[in-house]
Amino acid sequence: KFTVALDITITEELKREGVARELVNRIQNIRKESGFEVTDKISVEVESTELTAPAIESFAQYIAQQTLAVEVKAVSEPKGSFVVDSDIDETALKIAVTKA
């Protein structure tokens, strides 16, 4: 018989990582819907919220690598070729993607 104990505490770091992964998913969907080629480099602006700003600060490089972005930044009003209304954890936000 085995007993397994798991610590299921969600730390701030885990929360930020989860948001970063959700952003990657949203950005990849925008890339596909916008007709970008798989190899196209992009620039990404994400609306800065209490949820997204810390995630982008901690994981911008990860997000950029996963989405082929030359830059990923949190801004108050995202602007770009394709601006999409989205949400993460029921927090509404805008994501802008532009071909670099």
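Student: How many residues apart in helix H1 are Glu 22 and Arg 26?
Tutor: Glu 22 and Arg 26 both belong to helix H1, with about one helical turn between them. Helices (H or I, at least four residues) and strands (E, at least two) are DSSP runs, numbered from the N terminus. Because the two residues are about one turn of H1 from each other, their separation is given by their places in the helix, which are four residues apart.

Student: Which pLDDT is required of side-chain atom pairs in this model?
Tutor: Residues are numbered from 1 along each chain as its sequence is written, and side-chain values use heavy atoms, with hydrogens and water left out. The model is predicted: totals for chains, interfaces and linings use all residues, local features need pLDDT of at least 70, and side-chain atom pairs count only at pLDDT 80 or more.

Student: How far apart are the closest N and O atoms of Glu 22 and Arg 26?
Tutor: Side chains of opposite charge can pair when their charged atoms come close. A salt bridge is a side-chain nitrogen of Lys or Arg within 4 Å of a carboxyl oxygen of Asp or Glu. Glu 22 and Arg 26 form such a bridge, and their closest N and O atoms are separated by 2.4 Å.

Student: How many salt bridges are there by this rule?
Tutor: Helix H1 also holds Arg 21 and Glu 17, four residues apart, whose salt bridge has its closest N and O atoms 3.1 Å apart. Another joins Lys 94 to Asp 85, with a closest N and O distance of 2.6 Å. By the rule, the count of salt bridges is seven.

Student: Does Asp 85 count as exposed or buried?
Tutor: Buried means under 20% relative accessible area, exposed over 50%, and partly exposed in between (1.4 Å probe, protein chains only). Lys 94, the salt-bridge partner of Asp 85, is partly exposed at 33%. Asp 85 has a relative accessibility of 59%, and therefore counts as exposed.

Student: What pattern does the chain follow along the sequence?
Tutor: The chain contains two helices and four strands. Read along the sequence, these elements follow the pattern α-β-α-β-β-β.

Student: In what order do the four strands form the open sheet?
Tutor: Strands of a sheet pair through backbone hydrogen bonds, either parallel or antiparallel. Here two strands count as paired if DSSP finds at least two bridges between them. The edge strands, each pairing on one side only, are E2 (69-75) and E3 (82-88). The pairing is mixed, and the order is E2-E1-E4-E3.

Student: At about what angle does H1 run to E3?
Tutor: Axes are lines fitted to C-alpha atoms, for helices over the stretch in contact, and angles run from 0 to 180 degrees between N-to-C directions. H1 lies across E1, E3 and E4, and the angle to E3 is about 145 degrees.

Student: Is Thr 52 buried or exposed?
Tutor: Thr 52 is placed in helix H2. Contact means heavy atoms within 4.5 Å, and beyond its neighbours within four places in sequence Thr 52 is in contact with Val 19, Val 46, Glu 47 and Leu 93. Its relative accessibility is 0%, so Thr 52 counts as buried.
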